[in-house]
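The exercises below walk through a few places in the fold, each with a worked solution.

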Amino acid sequence: METSKMSWSLVIWIILSLDTTHSFLDECKQERDRLRAQLRRMETRAVRQQEMIQRLMKLRQLPQLPANKSIFTDLGDKQFADCAQIFSHGNTDSGIYMIKPLRSPTQTRVYCDMTEGGGWTVFQRRSDGSQSFDRDWKDYKTGFGDMKSANGEFWLGNDNLYYLTSQGDYTLRINLEDFEGTHRFATYKKFSIDSEENQYQLKFGGYTGNAGDSLSGSYHPEVQWWASHQGMNFSTWDKDHDRYERNCALEDKAGWWFNRCHSANLNGLYYKGPYSAVTDDGIVWYTWHGWWYSLKSVEMKFRPSDFEPNDV
Ligand SMILES: [Ca+2]
């Protein structure tokens with residue numbers, strides 16, 4: 001009787017154990033299926049993330065404004081004397097426009113910078129050294145370089161500078177950038193360039209900014225007599241109007257309003273930062289980086305002094 005009782009107990013235990021094992025196997029299968037489903041979801045998500053990363057990488061590689069993009073805006077028959085008038089007429093996109101300054105015999109294309117309050121007529125840009133600024137009188141008279149590209153290097157031309165700045169009271173703004181990515185600026189009131197028969201003489205008024213007053217040499221009165229560009233005539237290697245016994249434009253390889261010779265030469269050779277040479281012929285703004293550092297980018301522009309900017 002006792003043996004029979006034991007046998008029944010054993011049978012019941014075996015049955016219960018089998019049932020538990022069966023149940024455990026079921027749970028394992030369910031867990032396996034759940035994990036497989038989770039893995040598939042994660043794989044799908046990883047593929048999508050990879051695709052998104054590739055799309056973002058492609059977007060990052062696209063330049064914000066293609067360097068060779070044409071940026072000319074045709075305003076039809078309406079005539080404007082400078083970029084400030086174009087801006088005031090409601091055209092607030094930076095780019096190339098046609099203008100007709102009062103004394104100019106023809107229409108001319110100019111690059112209008114509608115940032116920093118808008119209305120700026122740009123007459124010089126340096127950005128990558130792609131254009132030579134070591135040019136003769138005729139090239140500086142008529143202008144040269146690449147004005148069509150968004151970042152192109154150019155000189156608008158001394159005749160145009162005369163036609164434009166003789167129309168009224170203009171403020172000059174010079175934007176500078178070094179190879180560390182730092183930006184500085186200098187502004188001068190009453191900016192004007194005289195006619196060719198007066199050798200495109202440079203005149204300017206009071207300075208404000210954070211790049212220092214290299215144009216007037218006021219940073220050091222003792223150097224002003226030879227470093228100031230106030231009242232200087234324009235010189236090129238083939239027309240020497242400087243106050244130096246030799247030829248500044250020839251030695252410093254630029255057209256500019258040289259004295260004997262300069263504390264600013266923004267048309268100098270395109271070195272990349274610190275340089276050494278026989279003369280200080282880099283793109284120099286003395287009061288910021290001295291004579292032996294050539295700047296990365298320069299922009300020179302002007303607008304009427306009574307212009308009312310829209311965001312400054
Ligand atoms: Ca000379």
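**Exercise 1. Find which residues line the largest cavity, and sort them by class.**

Step 1. The lining is made up of Leu-172, Ile-174, Phe-191, Leu-202, Leu-215, Trp-256, Trp-257 and Met-300. The search runs on a 1 Å grid over the protein atoms alone: a cavity is a set of points where a 1.4 Å probe fits but cannot get out, a pocket is an open set with protein on both sides within 12 Å along at least five of seven lines, and lining residues have an atom within 4 Å of a point.

Step 2. By class, that lining has eight nonpolar, no polar and no charged residues. Here Ala, Val, Leu, Ile, Met, Phe, Trp, Tyr, Cys and Pro count as nonpolar, Asp, Glu, Lys and Arg as charged, and the others, Gly among them, as polar.

Step 3. The largest cavity has a volume of about 30 Å³, where a volume is the space filled by probe spheres set on the points, and points are joined across faces, edges and corners.

A note before you go on: this is a predicted model, in which local features need pLDDT of at least 70, side-chain atom pairs count only at pLDDT 80 or more, and totals for chains, interfaces and linings use all residues. Residues are numbered from 1 along each chain as its sequence is written, and side-chain values use heavy atoms, with hydrogens and water left out.

**Exercise 2. Describe the second largest pocket by volume, lining and strands.**

Step 1. Its volume is about 280 Å³.

Step 2. Of its 15 lining residues, Trp-120, Thr-171, Arg-173, Thr-187 and Arg-303 lie nearest the centre.

Step 3. Strand 6 (170–177), strand 10 (207–209) and strand 15 (297–304) each supply at least two lining residues. Strands (E, at least two residues) and helices (H or I, at least four) are DSSP runs, numbered from the N terminus.

Step 4. Sorted by class, this lining has six nonpolar, five polar and four charged residues.

**Exercise 3. Work out which residues coordinate the calcium ion, and how they are spaced.**

Step 1. Donors are N, O and S atoms within 2.8 Å of the metal (3.2 Å for Na, K and Ca); water is not among the atoms, so sites may look incomplete.

Step 2. Along the sequence, the donor residues follow the spacing D-x1-D-x1-Y-x1-R.

Step 3. Asp-240 counts as partly exposed because its relative accessibility is 36%; buried means under 20% relative accessible area, exposed over 50%, and partly exposed in between (1.4 Å probe, protein chains only). Arg-246, at 49%, is partly exposed too.

**Exercise 4. Is helix 4 enclosed or exposed?**

Helix 4 (residues 158–165) has eight of its eight residues buried, so it is largely enclosed by the rest of the structure. Among them are Asn-158, Asp-159 and Tyr-162.
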